[in-house]
Amino acid sequence: MEGTDTYLIRPNHQHKFKAAIVKECIREIVRERLSGMRYDPEEVPELSRSLADCIKDKVKNAGFDRYKLVVQVVIGEQRGQGVKMSSRCLWDADTDNYAEDVFMNDSLVCVVAVFGSYYY
Amino acid sequence: MDEYQTEDETAFVVEESVEAAIGGNAYQHSRVNQWTTSVVEQCLSQLSKLGKPFKYIVTCIIMQKNGAGLQTASACFWDNTTDGSCAVRWENKSMYCIVNVFGLSI
């Protein structure tokens with residue numbers, strides 16, 4: 001993908017990174033994989049890694065051509081502590097976008113953020 | 001012209017920014033919002049001052065120390081030869097701060 005030159009400096013409106021679609025993708029996968037799960041410190045590293053890979057593949061297949069993707073998954077235990085996550089990006093606001101979703105149950109909290117950046 | 005950015009360079013810039021923004025403070029729920037924003041904005045402005053041809057994504061997580069566990073993972077679809085990421089962990093007696101920087105070349 002990266003090698004071919006299209007000389008397009010802006011994606012077609014149809015090809016733009018659509019946050020709503022990506023948010024749906026994230027939601028489906030997270031709800032399916034994490035409903036009823038408890039926070040287990042042995043399993044969590046593997047779980048978060050596989051969740052990130054799964055979401056990355058799903059978003060790739062959703063057909064956002066020429067977009068570089070960064071998927072970040074954060075899974076935390078629910079123990080009454082305070083947590084805050086925030087992000088800022090230095091990019092081209094016309095072409096780049098992000099989608100995020102938060103899932104909570106009694107024993108864990110999962111935040112997923114997907115960033116899409118157009119490769120000129 | 002050196003187009004690439006090393007991880008060490010990025011880590012150094014980030015550590016400085018975190019120290020400047022929240023160093024020496026104890027966890028306070030009312031100020032956390034302001035802290036995460038200032039950490040992230042400081043990092044981003046220092047990174048943009050480096051003047052490299054990169055788009056940056058900076059995320060910051062601040063968590064109170066209370067014995068709970070936290071795990072972060074990321075998966076990226078990019079060009080391995082030119083793009084990279086860097087994670088910096090910082091802590092003090094009452095909180096943890098994890099900053100992730102992703103650099104995507106133009």
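This is a predicted model: local features need pLDDT of at least 70, side-chain atom pairs count only at pLDDT 80 or more; totals for chains, interfaces and linings use all residues.
Residues are numbered from 1 along each chain as its sequence is written, chains are lettered from A and ligands numbered from 1 in the order in which they are written, and side-chain values use heavy atoms, with hydrogens and water left out.

**Figure 1. Chain A as a whole has two helices and four strands.** Helices (H or I, at least four residues) and strands (E, at least two) are DSSP runs, numbered from the N terminus. Along the sequence, the elements of chain A follow the pattern α-α-β-β-β-β. The C-alpha trace of chain A spans about 50 × 25 × 20 Å along its principal axes. Chain A has 120 residues, and 44% of them count as buried; buried means under 20% relative accessible area, exposed over 50%, and partly exposed in between (1.4 Å probe, protein chains only). Contact means heavy atoms within 4.5 Å. Of the contacts in chain A with a separation of 6 or more, 76% are between residues 24 or more positions apart.

**Figure 2. Strand E4(A) pairs with E1(A) and with E3(A).** Two strands pair if DSSP finds at least two bridges between them. E1(A) and E4(A) run antiparallel and are joined by eleven bridges; here Leu69(A) stands opposite Gly116(A) in E4(A). Strand E3 of chain A (residues 97-104) also runs antiparallel to E4(A), with eight bridges between them. Two residues of this second pairing may be located in the view: Asp101(A) has Val112(A) as its bridge partner in E4(A), and Val102(A) has Val111(A). A hairpin of three residues joins E3(A) to E4(A). E4(A) is mostly covered, since ten of its eleven residues are buried. In a regular strand the side chains alternate between the two faces of the sheet.

Figure 3. The size of an interface is often given as the accessible area lost when the parts come together. The contact takes 43 residues from chain A and 40 residues from chain B.

**Figure 4. Polar contacts and salt bridges cross the interface of chain A and chain B.** A salt bridge is a side-chain nitrogen of Lys or Arg within 4 Å of a carboxyl oxygen of Asp or Glu. The rule finds three salt bridges across this interface, and one of them joins the side chains of Lys68(A) and Asp83(B) (2.8 Å, N to O). A polar contact is a pair of N or O atoms within 3.5 Å; within protein, one must be able to donate a hydrogen and the other to accept it, and residues adjacent in sequence count only if both atoms are side-chain atoms. There are 21 residue pairs in polar contact across the interface (both at pLDDT 80 or more). On the side of chain A that touches chain B, the elements that give two or more residues are helix H2 (44-61), strand E1 (67-77), strand E2 (83-90) and strand E4 (108-118). The largest share of that side, eleven residues, comes from E1(A).

**Figure 5. Strand E2(A) pairs with strand E1 of chain B.** Eight bridges join E2(A) to E1(B) (residues 54-64), and the two strands run antiparallel. Within this pairing, Cys89(A) has Ile57(B) as its bridge partner.

**Figure 6. Val13(B) lies in helix H1 of chain B (residues 7-22).** Val13(B) is buried, with a relative accessible area of 10%. Not counting residues up to four places away in sequence, Val13(B) touches Gln46(B), Leu47(B) and Leu50(B). Val13(B) and Gln46(B) are 33 residues apart in sequence and 6.7 Å apart in space, C-alpha to C-alpha.

**Figure 7. Asn92(B) is found in the loop between strands E3 (84-91) and E4 (95-105) of chain B.** Asn92(B) is buried, with a relative accessible area of 17%. A polar atom of the Asn92(B) side chain lies 2.9 Å from the backbone nitrogen of Ser94(B).
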